[in-house]
Amino acid sequence: MKDKIWLSSPHMSGNEIKYINSAFEENWVAPLGPNVNGLEDDLTQFLGQNVHIAALSSGTAALHLALIQCGVKRGDFVICQSLTFSASANPIAYLGAQPVFIDSELDTWNMCPEALNKALKDLNSLNNVPKAIIVVHLYGMPAKMDEIMKIAKEYDIPIIEDAAESLGSSYKKRYTSTIGDFGILSFNGNKIITTSGGGALVCKRKEDKDMAVFLSTQARDEAPHYQHSKVGYNYRMSNISAGIGRGQMEVLKDRIFARRENNLFYKNLFKSSNGISLLCEPNEDYFSNHWLTAIKIDENITGFNREDLRSLLLSFNIESRPIWKPMHMQPVFIDCKYYGNDTAEKLFKNGLCLPSGSNLSENDKNRIAETIKFILN
Ligand SMILES: *Cc1c(COP(=O)(O)O)cnc(C)c1O
């Protein structure tokens, strides 16, 4: 059997170890230290839009803190894109709040502004105006932020951008995570860069970053003894993980370039295949890091479905994955409100993510191309 080709696997620069060694040399083996501050500075330099960033233990933790800072409490409603990974919605449940899921549109596969509008009208008429809106930039593709922000503004609801998959993507020349009131990033092992596990909260105001750091380090009040007036969390990033992140930030631009090259490779591969379409930037307003290349298969035209292709790839030891199963279809969230039609459901049924790692070799791409050509013919 040939080596496994992964959907998206960690891709080190080689310099990570330098930062880890310095952590050991200086004995900063703790959830604070120079690498944590250094990674925050690197990210701030990259995003460069007057943002304030807190490095945290995961993207999920960042979302949890963002919701707390938006004032979400037990029984509140929070809007969330349905087509996403469960980590977008779980923190709503941690707070005892109620997710309200919104369908996708077909241009970006992200939150449909019309369905959002309908939901807010409806919730407003029930006196249940949501406390926050979580919009996701799926697979790196920015959502329709202008439309979404305009609707949110009418009801004065803060927007949290789940940019876990979209570091380096931009909408109208603004990086995702810096457009809404808060943004969250993830550095899990499969993301565009990794810290082995980690995340960050991107804030507009320094007070918000300071609050995130305070909450993420057990909410210790100023005192020589341990004094607490708020519930705290253990969510700060480790100085070792942050060292990996610093080495990864050195090559972030290369990683984005490589992912976009992968996307071009697939565009070429499918250019004359009827019934297969890629998730594409709708126009010049959108710049995607193309974290994962995703396709939609119309079985009536191709004669095969996403499971046929996925199984075939797997038989050649090539990993691919169905598009996220929408949250409103998940048993854990089955009783939650949902606004929309069947767009997200259809994308789940017909969509597949193809191997997209920045470390795919020419040889890997040839293997993928041969296998896919086999089913196309
Ligand atoms: C990965 C991911 C997260 C969670 O990030 P972690 O760092 O794994 O906690 C949240 N939302 C989306 C859309 C993701 O893909």
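Analyst: Let's start with β2 (residues 77-81) and β4 (residues 132-136), which run parallel and share 3 bridges. Pairing here asks for at least two DSSP bridges between the strands. Strands are DSSP runs of E with at least two residues, helices are runs of H or I with at least four, and both are numbered from the N terminus. Cysteine 80 faces isoleucine 134 of β4.

Keep in mind that this is a predicted model: local features need pLDDT of at least 70 and side-chain atom pairs pLDDT 80 or more, while totals for chains, interfaces and linings use all residues. Residues count from 1 along each chain as its sequence is written, and side-chain values use heavy atoms, leaving out hydrogens and water.

Zooming out, this pair belongs to an open, mixed sheet of 8 strands, ordered β1-β9-β8-β5-β4-β2-β3-β14. At the edges sit β1 (52-56) and β14 (337-339), each with pairing on one side only. Neighbours in the sheet are turned by 20° on average, ignoring direction. Axes are lines fitted to C-alpha atoms (for helices, over the stretch in contact), and angles between N-to-C directions run from 0 to 180 degrees.

Now for what packs on that sheet. Helix α6 (residues 145-154) touches β4 and β5 (159-162), making about 150° with the direction of β5; contact means heavy atoms within 4.5 Å. Helix α7 (residues 206-216) touches β1, β8 (182-186) and β9 (199-203), and its direction makes about 15° with that of β1.

The ligand is worth a stop too. It has 15 residues around it, the closest being Thr60, Asp162, Glu165, Ser186 and Lys191, where a residue counts if one of its heavy atoms lies within 4 Å. For polar contacts (N or O pairs within 3.5 Å), the side chain of threonine 60 puts an N or O atom 2.5 Å from a ligand oxygen. Aspartate 162 has a polar side-chain atom 2.7 Å from a ligand nitrogen, and a backbone N or O atom of glycine 198 is 3.4 Å from a ligand oxygen. On its own the ligand has 380 Å² of accessible area, and the protein covers 94% of that (Shrake-Rupley, 1.4 Å probe).

Three bridges tie β10 to β12 (residues 293-297), and leucine 278 has isoleucine 295 as its bridge partner.

Terms used: A polar contact is a pair of N or O atoms within 3.5 Å; within protein, one must be able to donate a hydrogen and the other to accept it, and residues adjacent in sequence count only if both atoms are side-chain atoms.
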